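User: I am new to this structure and would like to learn how to read a few of its features. Could you take me through them one at a time?

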Amino acid sequence: MFDWAQNIADWFVYDVLNLSKEQHLVGALSFFIYDTTKILILLFVVIFFMGIVNSYFPIDKVKNYLSRNKLFGLEYLMASLFGVVTPFCSCSSVPLFIGFVRGGIPLGVTFSFLITSPLVNEIAIGLFVGLFGLKTTIIYVVSGVLLGTISGIIFQNLKLEGYLTPWVKEVLANAQRDQDIFQVEKYSFKQRLPIIWAEVVKILKGIIPYVLVGIAIGGLMHGYIPEGFFEKYMDEDNLFAVPIATILAIPMYSNASGILPVVQVLVAKGIPLGTAIAFMMGVIGLSLPEAMLLKKVMSVKLITIFFAVVTLCIIISGYLFNIIL
Amino acid sequence: MTKVIKILGTGCPKCQSMTGIVKDVVSTNNIDATIEKVEDIMEIMKLDVMTTPALVIDDVITIKGRVPSKDEVLALLN
């Protein structure tokens with residue numbers, strides 16, 4: 001699909017710049033141009049598509065839907081799926097949490113949404129398609145959705161309402177399955193387009209530096225780390241690899257877009273995909289600043305349980321992938 | 001009549017960037033308005049906003065969950 005990008009990269013490096021094919025660094029440059037072009041195009045397409053979906057299906061609709069419909073157990077899956085198409089800025093997690101709780105949505109269902117939404121987001125999907133191909137992307141998205149669903153069900157059964165902060169308990173007591181008077185934005189697609197466009201540009205501008213640095217580092221490592229280098233440390237039989245990778249990932253929240261290109265090279269050099277996916281889920285899905293924000297609504301104990309359950313689910317899925325793939 | 005502008009947000013970068021844009025539009029166009037930053041989560045929840053930053057003009061929620069452009073803010077204020 002992206003042969004043309006490879007052709008452009010080769011043409012630019014070998015014909016325009018007139019560099020020799022034999023040199024190590026020249027190959028890396030061609031690889032860098034090819035990878036960057038491909039990934040930026042994919043990011044653009046995915047972010048743009050999500051922007052359109054989000055414009056027609058905003059968070060308020062998600063909340064009203066979940067609060068209105070009795071889904072007989074499917075609500076966890078639905079909340080998790082909604083999480084995929086409705087990205088939110090981590091600073092919105094507290095108002096979102098309260099909004100859901102107040103709408104009478106069970107705590108577990110709210111957690112399903114809060115886990116999947118950052119874990120499976122448009123930037124991660126764009127990068128995954130570009131770096132790992134469609135198959136791995138689908139595996140990542142499906143497992144992310146299931147992870148959110150299952151964690152949500154676990155939370156619901158743990159009965160953690162008592163660990164909310166007092167004022168949230170009050171909100172919970174007064175919760176009702178109300179339908180907020182929701183003003184439907186009656187805009188035409190033409191009117192929506194500039195707004196969606198501006199968001200796409202803003203998101204891309206924000207992540208491009210990280211992506212470029214990530215691909216550059218990945219490209220250099222590609223040339224200098226011997227094939228199969230990591231296999232002796234992190235092969236599938238090493239039982240500690242997955243937990244270590246996951247826990248290492250937790251503090252790396254801010255620059256997932258820079259870390260993914262590097263991880264791709266590590267996979268190429270022999271790290272098992274399950275271990276790598278567990279690591280990436282930790283990077284993308286578990287963010288310490290978000291946890292700090294949640295202190296306004298949850299006790300430290302609840303946040304700890306929240307992190308522990310999600311971490312555990314990530315580790316389990318890492319093992320599963322190493323067995324299946 | 002003086003317009004009452006409220007910017008709802010818990011202090012994230014996006015909220016600050018919205019505040020900057022709104023202040024800029026108000027001062028360059030000499031709009032008669034007061035700007036208030038609402039950072040208290042209780043206050044934000046009273047207005048039923050789930051995604052920040054949000055822009056409230058004369059008690060009407062006009063923008064939720066994104067940073068608007070200057071032109072957009074100007075159009076909303078006129």
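Analyst: This is a predicted model, in which local features need pLDDT of at least 70, side-chain atom pairs count only at pLDDT 80 or more, and totals for chains, interfaces and linings use all residues. Residues are numbered from 1 along each chain as its sequence is written, while chains are lettered from A and ligands numbered from 1 in the order in which they are written.

User: Which form does the peptide bond from Thr52(B) to Pro53(B) take, cis or trans?

Analyst: That bond is cis, and its omega is near -5°.

User: Is Lys159(A) buried or exposed?

Analyst: A residue is buried if 20 or more other C-beta atoms, placed from the backbone, lie within 10 Å of its own, exposed if 12 or fewer, and partly exposed in between. Lys159(A) counts as exposed because it has 10 C-beta neighbours inside 10 Å; although Lys159(A) is not a glycine, its phi is positive, at about 50°.

User: How many residues of chain A are in contact with chain B?

Analyst: Two residues are in contact if their C-beta atoms, placed from the backbone, lie within 7 Å. On that basis, 16 residues of chain A are in contact with 14 residues of chain B, and H5(A) gives the most to the side of chain A that touches chain B, with five residues.

Conventions. Helices (H or I, at least four residues) and strands (E, at least two) are DSSP runs, numbered from the N terminus.
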